[in-house]
Amino acid sequence: MSVLPTNRREAGKLLVGASVAAAISPAGAARVGRARLTLRRATVEWLHDPCGIDTRRPRFRWILAAAKGARNLRQGGFRIRLFAGAGAGVAPGTVVFDTGFVRSDALAWRPSHDLPLVSQAAYEWRITIHDAGAGSTAETVAGRFTTGLIHPGPWQAAWISAEPDGTAPTQEVADRQRAQGRVMPLFRHDFRVPGNIRAAYLAIAGLGHHACFLNGVEVQPGGLSGGWTDFTRYVIYDNHDVTALLRSGANAIAVMLGNGFFAVENVAGRYAKLWRSNGPLRLIARLRIILADGSEQVVTSGPAWRTRAGPVTFSSIYGGEDCDARRIARDWATGSMGPEWTRAHEIAGPGGALVTNGVPPVSRARRITPTGVQRLANGNLRYDFGVNFAGRPRIVLRRARAGQTITLWPGELLMPDGTVDQRSMTGQRDGRDGIYFRYVARGDAEEIWEPRFTYTGYRYLEVEGAAADQIVSLEGCVLHAGLARTGHFACADPRLVEVHALIEQALVSNLASVVTDCPHREKLGWLEQIYLNATTVTLNRDAVTLYEKMVRDMRGTQQPNGMVPSIAPEYVKFLNGDGSDTAFRDSPEWGTAIVLGPWSVYRTYGDAGILRENWAAMVRYARYLAGRAQEGLIAYGLGDWFDIGPKPSGPAQLTSLAMTGTATLYADLDAMARIAAILGRADAARDFAERAAAVRTTINTKLYDPVQARYDRGSQAANAMALALGIAPPADRPRVLANLIAAIRERDDHVSAGDIGFHYVVRALNAEGRGDVLYDLLKRTDAPSYLAQIASGATALTEAWNGDPANSQNHFMLGHIEQWFYGGLGGLDIDFARRDGPPIMIAPQPVSGLASAKAAFDSAVGTVACDWAVARKRLRVAVEIPAGATARVRLPVTDVEPVREGGVPLSRIVGLRAVDVRGSGLAFDVGSGSYAFETPYDPPAAR
């Protein structure tokens with residue numbers, strides 16, 4: 001099934017202001033039959049009803065639903081019509097674009113030329129689906145969207161700040177800032193709306209983070225507005241439909257700013273991974289108001305706005321936040337402004353282009369309550385939330401005295417005396433180590449406080465300075481990017497379900513403006529996990545727009561010679577004293593994310609746009625990495641980070657840098673050959689394929705022992721990489737696999753591979769059908785293992801295999817086993833780059849001792865699901881294939897005759913085709929629908 005239309009000759013009919021009643025059926029006459037296909041959901045730019053797209057060539061996508069019991073349904077074509085809404089420059093309801101009938105089975109469409117979209121305006125799109133076997137559906141409203149400031153957009157606004165750019169603080173102010181940090185600014189602007197309001201759209205960027213209020217109501221409560229970028233290259237702005245927050249007559253817009261990554265201050269006693277500054281905090285805003293009579297009013301930021309110091313006296317993305325509620329009145333966002341409000345300063349922007357936020361923002365997902373509270377010997381109260389999460393506290397106080405100071409200390413672990421231990425959060429020393437939230441009360445009867453511009457990872461919270469009877473409630477606000485859940489996994493072994501939950505908790509805790517490594521100590525976008533854990537991310541959450549953003553960050557960090565630093569955005573450069581790169585800045589296994597990241601996204605979602613957009617950057621990196629070879633080998637960097645050797649965890653110990661580095665180069669070149677073919681670059685495809693073959697030959701010549709059938713030093717990582725990447729000679733693969741398994745068995749079914757190698761261990765064993773080895777590894781309850789982490793009290797995946805309390809207790813990098821949970825045990829293998837079958841493969845791998853498993857994934861074309869169970873020597877497999885798609889089903893049996901579907905032999909199933917019996921099982925292709933297969937089955941014996 002294709003993903004995007006390849007023939008658009010009938011698409012793109014521009015019908016501005018027209019009343020359309022064109023025929024939409026292939027034959028030219030409208031024919032609406034009984035609906036077997038209906039619209040299930042639709043997106044624009046991968047988002048449901050997005051507010052603020054900034055392209056005139058948006059990507060429209062949809063998923064179909066089939067009538068109950070229907071099978072083998074395919075879309076034969078579609079028609080999209082786009083209707084004007086408020087602010088579009090024509091009467092609402094006017095058709096501004098019509099594709100006409102497009103003959104295609106693709107569930108997606110993108111215009112080949114610009115659509116007539118207006119900035120900060122609303123649109124509705126409708127779709128008619130042609131069922132290939134039953135005519136067309138009635139036209140359906142697919143969704144709505146509003147535009148942002150379409151580049152080059154008419155901002156007509158100025159960046160403003162509380163202080164002029166380039167002005168050095170006085171000595172007194174500088175000393176205060178070093179001791180306590182700088183006070184965060186507030187901004188206000190009052191304006192009048194001269195009539196009734198039809199619609200209003202706000203575009204705003206506040207650096208580092210902002211909180212915006214209209215008439216005293218927060219526009220986006222409980223999150224982190226804005227995004228993390230290299231602000232000199234691009235700046236993310238947010239868009240909001242604020243129609244309901246404005247009124248005819250007097251209005252007020254107010255903004256608070258916080259540091260974020262725009263400014264990380266060096267303040268005594270507060271933790272920070274790094275220090276940086278981009279100058280004064282600043283904002284830019286544009287509010288477009290469409291009045292009922294069709295006229296419009298534009299309110300923009302400028303020197304007419306007023307500013308003053310706010311209540312936030314310290315703001316750090318790392319070290320926490322301090323707030324003195326006495327500093328401002330409760331009605332500061334709407335009340336009268338006194339002489340402390342002065343004119344804002346117009347200031348230059350940070351240098352980067354303004355780009356709309358295409359990623360669902362970091363927001364408050366939920367609030368959780370403590371599972372217990374204990375009074376400590378020091379008089380403080382310690383709360384236990386029962387789970388390690390990324391977020392911040394929310395406290396409700398009563399009868400707090402004016403000036404009373406309450407300090408909230410978060411911690412992942414505890415000291416022997418029960419106080420919080422922040423060593424795992426800072427990597428520095430035991431006990432408290434500079435991360436806290438401090439509130440100075442105003443003295444009201446009741447006060448509610450939640451930090452605004454920061455978050456951290458923690459389980460425990462120690463409260464200092466408040467009596468128990470003053471605390472009405474204390475909650476944990478769970479924060480992460482609002483990416484929709486897409487995957488579900490379960491099985492009969494509750495231990496595996498616990499491991500899945502452990503990994504998922506670490507995943508959501510690290511979904512921010514990038515995929516972070518941990519939500520406290522670093523909060524940096526380390527690149528190796530972006531591709532090595534891509535399956536873990538994308539099968540559990542709808543992350544395509546986040547990946548598009550992260551790849552843009554990588555492009556922004558790419559050096560003139562093609563090198564890609566190991567973190568993006570590169571908020572800190574890991575350099576030697578002479579200015580050269582350390583292994584932490586330039587390591588092949590990290591920089592390769594610029595190639596293998598987009599490649600992973602394409603394989604999961606099927607949109608080649610991410611490959612086209614990043615082709616030039618990928619070519620530059622592939623050339624750079626190849627140029628680093630010495631005698632054909634790439635032997636620098638970090639290698640298999642955090643593998644388990646005789647020394648403390650860190651750079652690779654068991655596998656040579658030459659093995660991981662050169663194998664990574666091969667993976668790059670092989671992927672580039674396949675990408676070039678997809679993009680129609682035949683010459684480049686041949687060139688990269690030849691170069692990949694040469695590197696494979698080098699590895700097999702210099703790093704392979706054909707007598708022993710082992711790679712490099714025989715480590716788990718080395719042999720797994722050779723198998724998973726297709727480097728091992730076909731005839732030798734069984735012996736290399738045997739050596740990999742032996743290396744695991746020799747350690748009593750424990751892993752020794754690290755951050756890089758474990759991905760390939762899982763991938764190789766899954767591809768070779770050796771889920772039994774993975775299951776044995778997963779069942780280990782002694783360290784190093786997942787279950788050992790759980791047994792020691794971990795509720796999120798830890799940084800080190802052994803759960804070392806000196807390391808992070810909420811770390812995402814070792815979550816690779818999700819590949820097997822979904823793709824092996826769960827049977828779901830989605831790959832839009834598959835060369836020998838449809839993108840959807842359903843191939844469950846039962847293992848001895850496990851009675852059942854099920855997995856579901858909301859893919860780019862709809863929900864794919866597999867649910868299997870083994871009982872009384874019978875295997876039952878229930879399969880769901882989305883409408884409009886086909887799939888290849890592979891059952892772990894070789895005899896077709898006794899297999900039944902709904903009690904019927906396979907030979908009688910309409911639409912089933914390409915029955916194929918191979919060593920790996922019985923394979924056949926089926927169309928959309930729900931199926932229930934059953935067959936005699938002897939569970940595989942333990943090996």
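Is Asn388 buried or exposed? In this predicted model, Asn388 is buried, with a relative accessible area of 4%.

View 1. Leaving aside residues up to four places away in sequence, Asn388 touches Glu412, Gly457, Tyr458, Arg459, Gln505, Ser509, Thr795, Ala796, Gln809 and Asn810.

**View 2. Polar contacts of the Asn388 side chain.** The side chains of Asn388 and Asn810 are joined by a polar contact of 3.1 Å. The Asn388 side chain also reaches Gln809, at the backbone oxygen, with a distance of 3.4 Å. Gln809 and Asn810 are both among the residues that Asn388 touches.

**View 3. The aromatic pair of Trp599 and Tyr602.** The structure holds 36 aromatic pairs. One of them is formed by Trp599 and Tyr602, which are stacked, with 6.1 Å from centre to centre and 15 degrees between the planes. Trp599 and Tyr602 are three residues apart in helix α8 (residues 593-605), so about one helical turn separates them. Both residues are buried.

**View 4. An aromatic cluster.** Trp228, Phe231, Phe261, Phe262, Tyr271, Tyr318 and Tyr571 together form one aromatic cluster.

**View 5. Arginines over aromatic rings.** Arg126 lies over the face of Phe83, 3.9 Å from the ring centre. Arg188 lies over the face of Trp341, at 5.9 Å from the ring centre.

Conventions: Residues numbered from 1 in each chain as written. Predicted model: local features only at pLDDT ≥ 70, side-chain atom pairs only at ≥ 80, totals over all residues. Heavy atoms only, no water. Buried < 20%, exposed > 50% of the residue type's maximum accessible area, 1.4 Å probe, protein only. Polar contact = N/O pair within 3.5 Å; in protein donor to acceptor, adjacent residues only side chain to side chain. Contact = heavy atoms within 4.5 Å. Phe/Tyr/Trp six-rings, centres within 6.5 Å; stacked < 30°, edge-to-face > 60°. Helix = DSSP H or I, 4+ residues; strand = E, 2+ residues; numbered from the N terminus. Lys NZ or Arg CZ within 6 Å of the ring centre and 35° of its normal.
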